[in-house]
Amino acid sequence: MILYFIDKLRVDAVEKSQQHIVAMVTKIDTTQNLMLSAIMDLKKDDSVATVRMNHYPSNPLDVKSMTKVSSTYSYRKNPITNKPEFHAGIDYKAPKGTLVYASAEGVIIKAGWDDGFGNTVQINHDGNGYITQYSHLDAIMVKLGQRIKQGEIIGTVGSSGEATGDHLDFRITFLEKYINPQVFIPLSN
Ligand SMILES: [Zn+2]
């Protein structure tokens with residue numbers, strides 16, 4: 001009887017320590033899972049940051065061509081109609097044929113003619129609310145629906161549409177409203 005009792009005690013002790021070990025392992029597993037999901041979250045954040053970086057507008061022209069601004073985002077007299085109007089973009093004077101670059105990554109949603117803007121390219125920056133527009137182009141070098149990376153060539157400077165000389169008219173809309181491109185791309189002159 002006593003032997004049985006001692007045996008039972010031993011079995012109980014072994015079971016208890018086994019349970020203890022199982023509990024510890026579970027705790028370690030839980031901690032590891034928490035750490036893993038935290039790391040995954042960090043990685044997700046990282047890719048979000050990368051996407052944001054790729055969509056932050058950069059220069060649509062080479063730096064040298066960015067210095068000759070002929071119209072800012074402001075009221076001005078329309079050079080063709082001579083009537084006052086709000087100019088919702090920035091005009092960069094540049095020689096015909098100067099390369100125009102995608103300001104940020106996205107999809108081409110317009111690559112064609114507009115009566116006022118002439119040859120025009122619009123890029124939707126992957127549904128983040130921003131669209132950039134490049135107008136009065138001489139040549140359009142992209143197609144509707146094409147995926148484009150930041151800095152890729154989309155066309156060349158010209159004076160197509162209602163323009164008095166060769167220049168790039170660069171515009172940004174956020175949620176379909178024009179915003180001043182200077183918010184992202186400070187004037188360099
Ligand atoms: Zn303009």
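A nonpolar core is taken here as a set of buried Ala, Val, Leu, Ile, Met, Phe, Trp, Tyr and Cys residues joined through C-beta atoms within 7 Å. A residue is buried if 20 or more other C-beta atoms lie within 10 Å of its own, exposed if 12 or fewer, and partly exposed in between, with the C-beta atoms placed from the backbone. The model is a predicted one, in which local features need pLDDT of at least 70 and side-chain atom pairs count only at pLDDT 80 or more, whereas totals for chains, interfaces and linings use all residues. Residues are numbered from 1 along each chain as its sequence is written.

The protein chain contains one helix and twelve strands, where helices (H or I, at least four residues) and strands (E, at least two) are DSSP runs numbered from the N terminus. In sequence order these elements follow the pattern α-β-β-β-β-β-β-β-β-β-β-β-β. Of the 189 residues in the protein chain, 24% are buried. Two residues are regarded as in contact if their C-beta atoms, placed from the backbone, lie within 7 Å; among the contacts in the protein chain with a separation of 6 or more, 61% are between residues 24 or more positions apart.

The largest nonpolar core comprises 20 residues, of which Tyr92, Val100, Val121, Tyr134 and Leu168 touch the most other members. Two or more residues of this core are given by each of strand 4 (90-93), strand 7, strand 8, strand 10 (153-157) and strand 11 (167-174). Strand 8 provides the largest share, with three residues.

Strand 7 (residues 118-124) is largely enclosed by the rest of the structure, because five of its seven residues are buried. On one side of the pairing, strand 6 (residues 106-114) is joined to strand 7 by seven bridges in the antiparallel sense, and the two strands are connected as a hairpin through three residues. Strand 7 is also joined to strand 8 (residues 130-140), again antiparallel, by five bridges. The hairpin formed by strand 7 and strand 8 has five residues between the strands, and Asp126 in its turn has a positive phi of about 55°. Val121 takes part in both pairings, standing opposite Ala111 of strand 6 and having Tyr134 as its bridge partner in strand 8. In a regular strand the side chains alternate between the two faces of the sheet.

Strand 11 is likewise largely enclosed by the rest of the structure, since six of its eight residues are buried. Its pairing with strand 4 is antiparallel and extends over four bridges, with Lys93 opposite His167 of strand 11. Strand 8 and strand 11 also run antiparallel and are joined by six bridges, and in this case Thr132 stands opposite Ile172 of strand 11. A further antiparallel pairing, of three bridges, joins strand 11 to strand 12, where Ile172 stands opposite Ile179.

Most residues other than glycine have a negative phi, and most peptide bonds are trans. Leu175 has a positive phi near 50°, and it lies in the loop between strand 11 and strand 12 (177-179), within a hairpin that has two residues between the strands. Leu175 counts as exposed because it has 8 C-beta neighbours inside 10 Å. Asn82, in the loop between strand 2 (74-77) and strand 3 (84-87), is a residue other than glycine with a positive phi, near 65°. With 8 C-beta neighbours inside 10 Å, Asn82 is therefore classed as exposed.

Val69 counts as partly exposed because 15 C-beta neighbours lie inside 10 Å. Although Val69 and Ser188 are separated by 119 residues in sequence, their C-alpha atoms are 8.8 Å apart in space.

How values were computed: Two strands pair if DSSP finds at least two bridges between them.
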